[in-house]
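Dear colleague,

Please find below the structure I wished to pass on to you. My notes on it follow directly after.

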Amino acid sequence: MTSPHLKAVIFDIGGVVVRSPFIAIATYEHEHGIPENYLNCSIVGRGSQGAWQKFERGEIPLFVFYDAFSRDLSDTTNGNIWYKEYCQRKSLECPQLPNTLNVDGRELFGAMMRESKMYDPHVLQAIHRIREAGRHKLIALTNNFAKSATMEPIPQSELEFLGWENGGATPDHLRVLFDDYCDSSTLGIRKPEPAFYQLACARNDVRPDEVIFLDDIRMNLKTARDMGMETIHVEIGRTLEASQRLEAKLGINLTGPYGSPYTAAKL
């Protein structure tokens, strides 16, 4: 069923518009014999004061972040506690947990950034077609590093290592896809803080109930729903399905042959 009241579409970036950096985390865990999703649990478990969270709010520069990120993810004392809690919540059998870890924050972050350079073709096509239809504002709401990546000089070799050699953490070809680009590091707040969503709405003169929001993280979607936004969960490998759900809400052909009218798909 379409939602004709919608005036804006808000997109997360990593895991929605571009490939998910979580793929690189999963690869790192597999290559180093770390239990699946252990590092994600350690990132989330730090709460608002973890290195990842501070970097996304633009509070620490890149090389300081590398060291702090390494320490956070190598902390098995807290990491094991958070992972056991995760297994309990998910009703999973807890595997043998590491006594020690020596996570290289630079190596992991570099892999994450290189992984997320590639656009998702289904979502990119959807954005272009929404733009062509001209009926909805296009807004990015991303936990990102644009400010953090400019707080100190970064050698060209390091930019190349990160895949940032052509435009840094947020290249122009990404920004121009959107009418507004809300970056956590430049605004000093991040998802899932409600103030970040409220600011995105205020900057674009829309109410939360006039917005549909796409993200790959359920915690971020919950905040949006609680504020009155419609939401779509974008799962890894299922971006076509997410785009089909979006076209059903907007009543715009986002996934079919170019130029054909929208027809409701059976989802």
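In which helix is Arg-89 found? Arg-89 belongs to helix H5, which covers residues 76–89. Please bear in mind that this is a predicted model.

Is Arg-89 buried or exposed? Its relative accessibility is 60%, and Arg-89 therefore counts as exposed, the cut-off for that class being over 50%. Together with Lys-90, Arg-218 and Arg-225, Arg-89 forms a positive surface patch.

Phe-55 lies in helix H3 (residues 51–56). Phe-55 counts as buried because its relative accessibility is 0%, where buried means under 20%. Between the C-alpha atoms of Phe-55 and Lys-249 the separation is 34 Å, and the two residues are 194 residues apart along the chain.

I would also draw your attention to strand E4, residues 211–215. Five of its five residues are buried, so E4 is largely enclosed by the rest of the structure. In a regular strand, side chains alternate between the two faces of the sheet. In E4, Val-211, Phe-213 and Asp-215 point one way, while Ile-212 and Leu-214 point the other way, and all of them are buried.

Which strands pair with E4? Strand E1 (residues 8–11) runs parallel to E4 and is joined to it by four bridges. Strand E5 (residues 230–233) likewise pairs with E4 in the parallel sense, over four bridges. Phe-213 of E4 stands opposite Ile-10 and also opposite Thr-231 in E5.

With kind regards

Definitions and conventions:
Residues numbered from 1 in each chain as written. Predicted model: local features only at pLDDT ≥ 70, side-chain atom pairs only at ≥ 80, totals over all residues. Heavy atoms only, no water. Patch = residues over 30% accessible without salt bridge, like charges linked within 9 Å, V, L, I, M, F, W, Y side chains within 5 Å. Areas by Shrake-Rupley, 256 points an atom, 1.4 Å probe, with all protein chains shown as cover. Salt bridge = Lys/Arg side-chain N within 4 Å of Asp/Glu carboxyl O. Lys, Arg positive; Asp, Glu negative; His and termini not counted. Charge placed at Lys NZ, Arg CZ, Asp CG, Glu CD. Helix = DSSP H or I, 4+ residues; strand = E, 2+ residues; numbered from the N terminus. Buried < 20%, exposed > 50% of the residue type's maximum accessible area, 1.4 Å probe, protein only. Pairing = 2+ DSSP bridges.
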